Structures are given as C-alpha cells and as structure tokens.
Amino acid sequence: MDLVEWSAKKMGELDYDIHPLGSPVQIMEEYDYAQLVDMIVAAKKNLPPERPLHLFGAGHPMMLAIAVALGCDLFDSAAYALFAKDDRYMTATRTLKLEDLTELPCRCPVCTGTGLEALAGTPKREREAMLARHNLYVTMEEMMAVKQAIREGTLWEHLEAKCRSHPKLYDAFKRLAAHSSFLEAHDPLVGRRTKGIFLYDRLSLSRPEVLRHKTRIIERYQRPPGRDVALLLPNPPERPFNKSPLSERIMEGLKGAGNVHLCFYGAPFGIVPSELAETYPLSQYESSVDGGTDLVEAIEKFIAVNAYRKAVVLMNGPRIKVKNAIISDTVEEACSEVLSDASTA
Ligand SMILES: [Zn+2]
C-alpha cells in the first residue's frame, strides 16, 4: 500500500490527464476485494481528484459498483472473454460453470436465442464467442444499473444489496465502511438526491449522510439561544418526529415553556433537535437499524457541548445512566421535571 501511495503521489505531480491503477488482477482472481478497496483508496487519496482513475482488469459485474463508489471512472477487462474460454457464465452476482447450469437465467439475445442444451452442444469456438457475448451483456447491464443509481443518488443502496451476494464482497463493504470519513469528505452535500435513504443494519450507518450528521451535530451545531433546558425523547415511530403524537403530547404538557429545547435520540442519526427534524435526510429514510450502543455517549456529548442548565431524558424500558441528565419514565414525569426548573429559573 505504501508503494501505491508513493506512486500515486509521484504520478500526480506529472502532467497527465488520466491515471490507471494496475494491476489488481491477481487480487481480484482471489476475490480479495477488501484489499482492492484499500488499494483504490490509497491511490485516490494521493492523486489529483479531478483526474479520472482507470482501474485495470476490473470486469466482473459483481465488483463494479464498489469500484465506482470508491471513485474509479473507467474500466477495462478481458474477463468476459477469459471466462468464456473456460465455459464460465457470469451473472450479476457470481460466476457459474456452464455444466452446472440448469437454466439460462438471463434475457440477453444469446440466452434467449439459444436453449441451454443447444448452447452446451455448440462446438467450442462458437460456444466461447457466444458465452463471451453473454458475459459482456451482463457486465454492461451492471454498468447501466450503476449509472442509473448514480443519477438517482442510490449508489449506496445498490452497493449494499450487491455486497450481500458474496462474503468476500461483504468483507470489502466492511472495509469501505472503515474509510467512511474519506467517502463523506467527497460526497456531495446537497442537490443530487431526490429519494429517502434506506438503512439496513449497523454497517449502513457508515454511509456519508449518517456520518455527516453525527459529526456535525457535535462539532458545528449550537442550540437555539435561550433554550437552556434540554428534553430528549426517544425517536417516535412517526416522522417527522416534531409532528408525532408524542411531540404533541409533550408540547401540551410543557404549556409553552419557552426555554425548553426538544430533541430526539435513537438510531439511525443519533441526536435530532426538533427544529432540524424535517431537514433531509433526518425524516426521509427507511430504517431497520436497532438502537446503537453509542447512543448514551452521543447524548452525553450533545448535552456537554451545548452547556444546558438542565437535561431530562425520557427513557422507555430499562433506565440507563446518562451523565449530567435526569432520567424519566413517563411523559408526565419528564414534563414536570422540565417545568419545575423552568418555574424556578
Ligand atoms: Zn445472457
């Protein structure tokens, strides 16, 4: 990796329009996609960002999305032909031996024009050409799907689905998650995405939008002036949180106390202040992620950096200690905690 970094730095100083990264073919043959991730990141971090990066030997539809997500722009590969020579049939997520097929699970002209038996019975040279064409169709189909995902802003979702098709790809996805701050730094903040985001499990939380919110809520956010008593509620099931029945009950209970700052906590975004609850993507998501173990730490940090005079945390289920906060079981108790302070203030 240090040689990739060094080479990228040196090459970046020269007057080229485009850079290739070679040659990860052996790594890819062994399906060592996690190492491929490190290699691409090592190169990208050290090359001028405006120059396209060409990844040598990347031609299997299963790994194109991850290479694109890491910033590769161009690909070339003989995989479609080499695989065909070996009677290997590509699909979007794996490679099958022709002899192991019982169906042709593809709608390309080769597969629809020939039955499996006819294909298997075709003389070697001709069969190889047919398989090569099928393999190219499958590769191009994936390329188009990736492009569509980029336009829609759903590349991360595409990647998550893709990476669950093979354990080695899942390893690579975990490695990509480890580079999440690098990805976040280069992910456009606004403008591209029109859809809500999908979050599946804790690994999904390393996506740029989530990481960005969690970092900025601690490093950049300031509570509204005068609201020096925090009331933190667990995320209600309804979104936006600030218009949920729980929020309405609380607002009623607070009787207009002007110094109370209502916030929400929970997966996937950690802390969501009520005045930001409708800001994209804090309400525009679908998630099956369970509450994180780092939530208490997030609440404690948030209370500390905003220097609240008092903080009350409403907690469903077992009470967990939170530094410098009062824990309440019920909405009524939480409201009266907050109000007792408001009245003595
Ligand atoms: Zn086909």
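## The largest core

Let us start inside the protein. The largest nonpolar core holds 33 residues, and A230, L231, L232, C263 and I299 have the most contacts inside it. A nonpolar core here means a set of buried Ala, Val, Leu, Ile, Met, Phe, Trp, Tyr and Cys residues joined through C-beta atoms within 7 Å. A residue is buried if 20 or more other C-beta atoms lie within 10 Å of its own, exposed if 12 or fewer, and partly exposed in between, with C-beta atoms placed from the backbone. The elements giving two or more residues to this core are β6 (197–199), α12 (208–219), β7 (229–234), β8 (260–266), β9 (270–273), α14 (295–305), β11 (310–314) and α15 (331–344). Helices (H or I, at least four residues) and strands (E, at least two) are DSSP runs, numbered from the N terminus.

A word on the model itself: it is predicted, local features need pLDDT of at least 70, side-chain atom pairs count only at pLDDT 80 or more, and totals for chains, interfaces and linings use all residues. Residue numbers run from 1 along each chain as its sequence is written.

Leaving aside neighbours within four places in sequence, L231 is in contact with I250, V260, H261, L262, V312, A334 and V338; contact means that the C-beta atoms of two residues, placed from the backbone, lie within 7 Å. Apart from this core lies another, of 32 residues, with A58, M62, V146 and L159 among them.

The domain assignment of the chain gives domain 1 (2–185) and domain 2 (199–344), with bounds that come from an automatic or database assignment. Their C-alpha centres lie 42 Å apart.

Helix α4 (residues 61–69) is mostly covered, with nine of its nine residues buried. They are P61, M62, M63, L64, A65, I66, A67, V68 and A69. After α4 comes G71, with a positive phi near 110°.

Helix α9 has seven of its nine residues buried, so it is largely enclosed by the rest of the structure. Those buried residues are L155, W156, H158, L159, E160, K162 and C163. What covers them includes α4, α8 (124–152) and α10.

## The five-stranded sheet

An open sheet of five strands runs in the order β9-β8-β7-β11-β12, with mixed pairing. Two strands pair if DSSP finds at least two bridges between them. The edge strands, β9 and β12 (326–328), each pair on one side only. Neighbouring strands are turned by 25° against each other on average, direction ignored; the axes are lines fitted to C-alpha atoms, for helices over the stretch in contact, and angles run from 0 to 180 degrees between N-to-C directions.

At one end of that order, β8 and β9 run antiparallel and are joined by four bridges, and a hairpin connects them through three residues. Y265 stands opposite I271 in β9, while C263 has P273 in β9 as its bridge partner.

Strand β2 (residues 53–56) runs parallel to β3 and is joined to it by three bridges; the bridge partner of F56 in β3 is D76.

H54 has its place in strand β2. With 16 C-beta neighbours inside 10 Å, H54 counts as partly exposed. The C-alpha atoms of H54 and P20, 34 residues apart along the chain, are separated by 4.3 Å. Leaving aside neighbours within four places in sequence, H54 is in contact with I18, H19, P20, L21, D73 and L74.
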